[in-house]
Amino acid sequence: MLGAQIVLALQTIITRDLAPREPGLITVGSFHAGSKSNIIGDKAVLELTVRTESPEARELVLKAITRVTLNTARAAGVADTMLPEIKATDAPAPPIVNDVALSNRLKKVWAEKLGPGIFSTRYKRGGMGAEDYPAFVNAPYIPSVYFRIGGTSDATFAAADKGGPAIAANHSPLFHIEPDRTIRTGVETSVLALLDLLRKN
Amino acid sequence: MKCLLLLSLLLATAHAGAADSELHAAIARDYKANLAPLFEHLHRNPELSFLEVNTAKRMAQELRSAGFEVTEGVGGTGVVAILKNGKGPTVMLRADMDGLPVEEKSGLPYASKVVQKDTVGRMSPVAHSCGHDVHMTSLIGTAHQMAARRGEWSGTLMLIAQPAEERTGGALAMMKDQLWSRFGKPDYAMALHVSSEAEEGKIDVSEAPYSADNTL
């Protein structure tokens, strides 16, 4: 019961604590409790993924998770000696921020060499995926560009537009891309960027 | 006005076409001969985060064949490949090696049927449902072209195949394994990532492509 209440209460951190236009996400990806229908369990284990886009938002959300979890437990009458334990698991990952000067330089190279049509018009960043790539470039700082390459055919998009099967996102069991053009584009854009950065003087 | 615009557009396209049709053709040949079978192999044989043993072996072998100086076992299964080519900056390009604990339902003829024991001893299906096989194959294709064009550039190229991107720990593990002090700190770095939400053959470069992650 308490576990379920905590799961719901955590969502109000995103909707009621964070500023409405500051992105934030809490997903309780895993919830394990109990063994049998007529035995009241005494333990629940919740695994959370938290996504934010500023250090202030991250601090606010992590603090709020502790506040909401402990106080929801207290409201249910849990003794101070038995309050939920909250601990970090997988290594945290900072957001990726592309180096502006490098980004502009490479966009120019790609536009010149491959034409302005190389840039996707469909892509809209709607999700809050995370990456551990920043560990390479944040400290010490290395100017870096992290870019996306598209993998879905026009035919698949057209079908989805007409109400056909939705495009399976990354991480879905249904995920698939067209490897031929996708990989060749990956190679071509990488090589053009590298030839520019490593150009002979 | 319209005439001038059209003319300069035609000239620009012609110039771009001439400059890169050779590269484009070389990549197409390499894809047919080498990259397509490599991709299929990687897609059929995904491995979980921190357990990318065979994937790393294959990446090391491909990079050595391409003429790079290769070091394995960095940060666990990580691979670092270096091509020194005279004076100039060091540029790093990264690919990730791990698959996801997901049962592939793509319907593809080369779909993964792999089940692997994970780091806590559970049997788990595995699939490259995030496209890391694309990144790895693209890295090898890039290695081939850069090695073939040594006369066109100067500096050091560092290609990295990292473990455990999905568990946000692989990059950190490589850094903790003295990555820059052992191999030199790059002056620039790049990484690409495939997205099913964008059109094949196109790219997206935004200022802030990814959020911060905390797991509790």
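Predicted model: local features only at pLDDT ≥ 70, side-chain atom pairs only at ≥ 80, totals over all residues.
Residues are numbered from 1 along each chain as its sequence is written, and chains are lettered from A in the order in which they are written.

The contact, in which two residues count if their C-beta atoms, placed from the backbone, lie within 7 Å, takes 93 residues from chain A and 77 residues from chain B. Among the elements on the side of chain B that touches chain A are helix H1 (2-44) and strand E7 (188-199), where helices (H or I, at least four residues) and strands (E, at least two) are DSSP runs numbered from the N terminus; E7(B) gives the most, with 12 residues.

Strand E2 (residues 44-52) of chain A runs antiparallel to E9(B), joined by 4 bridges, and Thr52(A) stands opposite Ala212(B).

A nonpolar core is a set of buried Ala, Val, Leu, Ile, Met, Phe, Trp, Tyr and Cys residues joined through C-beta atoms within 7 Å, buried meaning that 20 or more other C-beta atoms lie within 10 Å of the residue's own.

| Core | Size | Residues, among them |
|---|---|---|
| Largest | 80 residues | Leu194(A), Leu63(B), Val79(B) |
| Second, separate | 11 residues | Ile14(A), Val50(A), Ala57(A) |

Leu63(B), not counting residues up to four places away in sequence, touches Phe68(B), Val70(B), Val79(B), Ala81(B), Ala143(B) and Leu159(B).

Technical notes
Pairing = 2+ DSSP bridges. Buried ≥ 20, exposed ≤ 12 C-beta atoms within 10 Å, placed from the backbone.
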